[in-house]
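Work through the following exercises with the sequence and the model open. Each task is followed by a solution in steps.

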Amino acid sequence: MKKILSTMALSTLVCLGVANAQSGMTAGQDGLHQINANTLGQWNVVVGTGGNVAVDNWAMTRAGVFKNDQGEIVPLYQSNGSFAGAFSLALGLFNWMDAGLNLPIHYDYAGSPSRDVDNYNMNALSRGDLDLWFKAKLPIGNDSSVFSSAVLAQVYFPTGEEGVGLRPRHAWYLNKNITNPYTANAFALALNGIFTFDFSKRGIPLRWNTQIGYLHVFEDDQPDVLLYSTGFNLLAHRLVDLFLEFSGEMRVQEKGYELDPIVDPMLVTPGLRFHINHNIDFGIGLEVAVRTFKNLKYDLDEELKGSEDYTITFQSEHGRKATYGYASTPLIAGAATLVYRFGNDDEAAKAKSDSLLQAKVDSILAKRAAQNDSLSKLDSDKDGVNDLKDLCSNTREGASVDTNGCPIDTDKDGVPDGLDKCPSTVAGVPVDSTGCEPDFDKDGIPDSKDKCPNTPAGTGVDSTGCSSDSDKDGIADAMDKCPNTPAGITVNAEGCPLDFDKDGVFDVFDKCPNTKAGESVDSTGCSLDGDKDGVPDGLDKCPNTENGISVDSTGCPLDFDKDGIPDSKDKCPNTLPGIKIDSDGCPINKKQDLDQLKKGIQFKLNSAKLTKKSFGTLDDIIKLMNQIPEANLEVQGHTDELGSDETNQKLSQQRAQTVVDYFIKKGIDSNRLRAVGYGASKPVADNKSKKGREKNRRVELVPFSRD
């Protein structure tokens, strides 16, 4: 009996219909969920009530089950009732501004075979959060414009009851800790933009409304939400409209739950809206949740899939907790709206308006009759046919006309004879206001034959209307500074052959297209190099170097020891700086000649120990290094190829190090010395003979720079 009484109560409420569970109607005049940009007019009032109803348990929780505080699964009866509605009041403060409020009324009947459900206070008819709103029409267009727009501000007051119900009525009610189905338990503010396209003002029976808004909740644990709706209304008859709507809410902050627009409220609503009389509207519709299309077969496992990611915790007034999957809307619900209007725009005012309109029409007809009498004598367009008989009363002066006063156009180009300067234009060819073929670029070639219709003014053209190009290089003669370029040569924007490196030799002939600026080049475009040393004349500081002599980057012969004698002629290429030399580049004082001194450095057989005769030579070298403090020496050890490579390498390194160690011991800075062993890798004679091997067993003294 209790279930039957509840169902009857729900059926009574749904027949009243004015507001929906998501976006609210805010005194709209179209559909159920959509909002239009129109206002009521000053002091007009709208009252109404209504909502939606669903009778399946999936409208309250995912798959119609919940877990009690003992962790037990409690199923709901398959046929349970869920209702969301409101009572609405709206007032036109000005012709351009309305204000109003919606007081939601909610009811969930959570019947279950388990009597435990009665202890959770889920079965409750209770109030929701009060919505106070203001809508202002924007000053765009006028009353006859197809397009209009408005802004809507909504303030939600936390007037709803806590700890009752099952399904959260709005997406911003979600709270990871405790979710109250009927209240956000916090203030919220929404700002919306509304756009209406009323094509009925152009004779098309169609109106399209779109709304988009953002809602902020003044509570850290609950998400902000994007509000949206759009709806098409076919004005099928003055008494009935057909509509199709898409509406919903979308969280834009996770706040404990992942973002998923399909999980949030999203509805498709077809329906009818009846205009019972001037004051009363009644609308009905079928709300279909978009999430329904994911599970058309109503499969239980499919419905529960992912529900653990959107688990709601509910706490009753008595502190008992239940958890269940978030159901944002019923899968399918019936919805309705009933609206009553009164105020300035009543039936008497409408009748008065209609009589005034009829009087105005009668006045216009009377004036038109008087005008017809005078028209029989007038010829406004001076075409010889009086206005009363003239079917074309605005003929241009000078045009030839027929007996009906309409222009004659022999060549059918749209320009009347008498005004047509080209009266024999070929059919189908576009013409200008004079009846002649247009010539956009004024080059003397009609556009229909002009293959180049954008030729610059003053440019010579051929019979196709394209710029003349005598040398066929792609540059019109008028712009070509090199009009006789040979065929096939690439040119620049001025029509001259390309010369990338600006050396005077065109790229097509230039074998060296990257010559540095300022360098002299030959007929092939390559830099001149008179002495053939690899350094261009423009950079060569020694332009007459003998053939075959190695040079540095400036083109001058290499001089390793910087003694002024090129390496190619220097018989002593390792002379220390500041030493007096002869014409062969060798020191005049033999005790300053490293190539001579090195011969006096000898070691005991197969040993790194110096012979006694070597110390005099080493002391001469030390004396020389003290005289020339900027001198640095690399002591190089060499062996013949007898013995293993490893032994020769080790012995040569030890011998070089022995000499360096002696120099250091005698006071030479270690930074001025280097010891390097080369083993048998750099012979200066044939290792097959005894004399050759003796020459290969040697010490070299090579100056080096520390820069």
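## Exercise 1: a strand pair

Task: determine in which sense strand E5 (residues 97-109) and E6 pair, and over how many bridges.

Solution. E5 and E6 pair in the antiparallel sense, over four bridges. Two strands count as paired if DSSP finds at least two bridges between them; strands (E, at least two residues) and helices (H or I, at least four) are DSSP runs numbered from the N terminus. Within the pair, histidine 106 stands opposite serine 126 in E6.

Next, sort the residues of E6 (residues 124-127) by face: Ala124 and Ser126 make up the covered face, Leu125 and Arg127 the uncovered one. In a regular strand the side chains alternate between the two faces of the sheet.

Conventions: the model is predicted, so local features need pLDDT of at least 70 and side-chain atom pairs count only at pLDDT 80 or more, while totals for chains, interfaces and linings use all residues. Residues are numbered from 1 along each chain as its sequence is written, and side-chain values use heavy atoms, with hydrogens and water left out.

## Exercise 2: confidence

Task: state the mean pLDDT of the protein and examine the stretches 1-27 and 346-359.

Solution. pLDDT is the predictor's confidence in each residue, from 0 to 100. The mean is 81, and 83% of the residues reach 70 or more. Over residues 1-27 the pLDDT is below 50, and this stretch has 81 contacts in the model beyond near neighbours in sequence (contact: heavy atoms within 4.5 Å). Residues 346-359 also have pLDDT below 50, with five such contacts. Where pLDDT is low, the predicted coordinates should not be read in detail.

## Exercise 3: helix H6

Solution. Step one is the span. H6 (residues 645-665) has 21 residues and reaches 30 Å from its first C-alpha to its last, close to the 30 Å expected at 1.5 Å a residue; the expected span is 1.5 Å times one less than the number of residues.

Step two is burial (buried is under 20% relative accessible area, exposed over 50%, partly exposed in between; 1.4 Å probe, protein chains only). The buried residues are Asn648, Leu651, Ser652, Arg655, Ala656, Val659, Val660, Tyr662 and Phe663. The face turned away carries the exposed residues Glu646, Lys650 and Lys665.

Step three is the packing: the buried residues sit against helix H5 (614-627), strand E18 (633-638) and strand E19 (673-677).
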